Amino acid sequence: MAMASSLICSTPIPTKFITKQNPLSNHSSNPIFPKLTKQPLRNLVVLSTAAIEAETQKSSTAKTPSKPLPFRVGHGFDLHRLEPGYPLIIGGINIPHDRGCEAHSDGDVLLHCVVDAILGALGLPDIGQIFPDTDPKWKGAPSSVFMEEAVRLMHEAGYELGNLDATLILQRPKVSPHKEAIRANLCKLLGADPSVVNLKAKTHEKVDSLGENRSIAAHTVVLLMKK
């Protein structure tokens, strides 16, 4: 082997032959001399290791089923403008007032809020995605339809209502005369005992659009329990 190496190195190579050859770094077709890259070898090793780890983690995640939770908590929020010429529907109850919620459906701020809380607890898209206001099918639709679907999805996922706490925020009208009727209808739509459904109403101390009777809002928190 030593003689062969010496012979090869000492034998002159014609210039014409050299000019016809590509540089050594471009011998991509030669398995002995793979094409060189501009990245340092250390970087290539790091990138390869990271790629392998990412692929391993992805495979592991895909094979691991999500653990069913014994409890799920969801929060809902909704707000609507109040305008003359619309009925004011809260919790499915028509409340006498000189203005109502401007909306694609009936504008029931409380039921919309409860629906979003249930969907949120289940990790599902919000009410606007499931019942888009661009769909003429929902024009003027009663919000009880949305509630029925949210409750169906809740039971389909294997959950039932633990308890619900809702807060209405509006300056006028006073909700107290209608509070029990609203709560009773809410319990009916949820299929829940009145002891687990709570409803509160607050003014906004005449501050911003809520306090100036230009809008109405609601917050809801729900606890869902695995059946």
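**Core, sheet and salt bridges**

In this predicted model, I90 touches I95, D108, L110, L168, L170, I182 and I216, leaving aside residues up to four places away in sequence. I90 also belongs to the largest nonpolar core, which has 45 residues. I90, L110, L164, L168, L186 and L190 have the most contacts inside this core. Two or more core residues come from each of β2 (88–90), α4 (109–121), α6 (144–156), β5 (159–169), α7 (179–190), β6 (197–202) and β7 (215–226). The greatest contribution is that of α4, with 10 residues. In soluble globular proteins, nonpolar side chains tend to be buried together.

Five strands form an open sheet in the order β4-β1-β7-β5-β6, with mixed pairing. β4 (100–101) and β6 each have a single partner strand, so one side of each lacks a neighbour in the sheet. The pairing of β5 with β6 is parallel and spans 6 bridges. T167 has K200 in β6 as its bridge partner. Helix α7 lies across β5 and β6 and runs at about 140 degrees to β6.

The salt bridges number 8. One of them joins E180 and R183 at 3.3 Å, N to O. These residues are 3 apart in helix α7, which means a separation of about one helical turn. E180 is partly exposed at 49% relative accessibility, and R183 is partly exposed at 21%. R214 and E212 form another salt bridge, with their closest N and O atoms 2.8 Å apart. R214 is partly exposed at 42%, and E212 is partly exposed at 44%. R81 and E83 meet at 3.7 Å, N to O. A network of salt bridges links R81, E83 and E102.

Methods
Residues numbered from 1 in each chain as written. Predicted model: local features only at pLDDT ≥ 70, side-chain atom pairs only at ≥ 80, totals over all residues. Heavy atoms only, no water. Core = buried A, V, L, I, M, F, W, Y, C linked by side-chain atoms within 4.5 Å. Buried < 20%, exposed > 50% of the residue type's maximum accessible area, 1.4 Å probe, protein only. Helix = DSSP H or I, 4+ residues; strand = E, 2+ residues; numbered from the N terminus. Contact = heavy atoms within 4.5 Å. Pairing = 2+ DSSP bridges. Axes fitted to C-alpha atoms, helices over the stretch in contact; angles between N-to-C directions. Salt bridge = Lys/Arg side-chain N within 4 Å of Asp/Glu carboxyl O.
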